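Thanks for coming, everyone. Let me put the structure up on the screen, and then we will walk through it.

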Amino acid sequence: MHKNLRKTLAIILSTSVITIGTCISNIKDIYANSNSTINICYDNSYDNVVESEERKIAYITIDDGPSKYTDTIINTLNKYNAKATFFMIDRNMKTYPEQVKNIINNGNTAGFHSVSHDIHELYKSNVSAKEEFDKNKETFHEITNLESNIIRLPYGSKPYTPTKSYEMLVEAGYKLWDWDLDTQDWKSNSTQIVENVKRYTQNKKEVVILIHEKKQTVEALDGILKHLTEQGYDIIPIEQNQQPQNFWIGNLYN
Ligand SMILES: [Zn+2]
């Protein structure tokens, strides 16, 4: 009996090792084709990995600031222990330098949103978009002594951005971010904005949310963050070195 028990245990243990071993080799194969299926293998083997696979992430991205609303936005984010990414226009950084510092000091990410915010200016030559973001970097550095390479093109990277302009930005090391949840906040009231977020986040594990520094959006922000928190999202800032998500790469999922 005792011997049989030991034998059974040995079989169980060796089977587990084989299972894990097979699993790891499968991961390599699966990873080579598509990283979206990794969790099939992990499900029964590593509880901690399953947890991270199920993690829900929301990136709140805030365009067109900083502004007179920035401090209120930051206070609301802090209430929910949430961090955001601010895509800032050059003249607004110059008008609101204290808000630029406040963004950083509260653990949010600073990104850039051009000088002109005008597609005719931005794409008038192959290098003009890159030059506008270089100018953003300079302005930001003068205010904070810090660097950032995260950018968002005005009106998104498609359909307006010429291929050459996009390539110049990538070659210069800029990480270009678009979104997959447009709250339509510029034409909505605060109730509609929250409803848009609720509708479009259903069954989504990861979401890049576009909002602007507008009165109605500031009024909606508490409701947005409350909903995302209740739905189990971690509301985190974009990191400098992470793979960007944009319409050119095609890794945003609607
Ligand atoms: Zn904008």
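Is the crossing of α10 past α11 left-handed or right-handed? It is right-handed: that is how α10 passes α11. Left-handed would mean the near helix is turned anticlockwise from the far one by less than a right angle, and right-handed means clockwise. Helices here are DSSP runs of H or I with at least four residues, strands are runs of E with at least two, and both are numbered from the N terminus.

Two points on the source. This is a predicted model, where local features need pLDDT of at least 70, side-chain atom pairs count only at pLDDT 80 or more, and totals for chains, interfaces and linings use all residues. Residues are numbered from 1 along each chain as its sequence is written.

Back to that helix pair. Helix α10 covers residues 190–200, and it packs on α11 at about 35 degrees, with the axes 8 Å apart. Axes are lines fitted to C-alpha atoms, for helices over the stretch in contact, and angles run from 0 to 180 degrees between N-to-C directions. From α10, the contact includes Ile193, Val194 and Val197. From α11, Ala220, Gly223 and Ile224 are among the partners. Contact means C-beta atoms, placed from the backbone, within 7 Å.

Next pair: α8, residues 128–144, and α9, residues 163–171. Their axes come within 8 Å and cross at roughly 40 degrees. Ala129, Lys130 and Phe133 of α8 meet Ser165, Met168 and Leu169 of α9.

Now the core. The largest nonpolar core has 50 residues. Such a core joins buried Ala, Val, Leu, Ile, Met, Phe, Trp, Tyr and Cys residues through C-beta atoms within 7 Å. Buried means 20 or more other C-beta atoms within 10 Å, exposed means 12 or fewer, and partly exposed is in between, with C-beta atoms placed from the backbone. Met88 is one of the residues that touch the most other members. Beyond its neighbours within four places in sequence, methionine 88 contacts residues including Gly65, Pro66 and Phe112.

That brings us to proline 66. The peptide bond from glycine 65 to proline 66 is cis, with omega near -10 degrees. Proline 66 sits in the loop between β1 and α4. Lysine 158 to proline 159 is also a cis bond, with omega near 10 degrees.

Last, asparagine 145. Its phi is near 65 degrees, a positive value in a residue other than glycine. Asparagine 145 lies in the loop between α8 and β4. Most residues other than glycine have a negative phi.

Definitions and conventions
Two residues are in contact if their C-beta atoms, placed from the backbone, lie within 7 Å.
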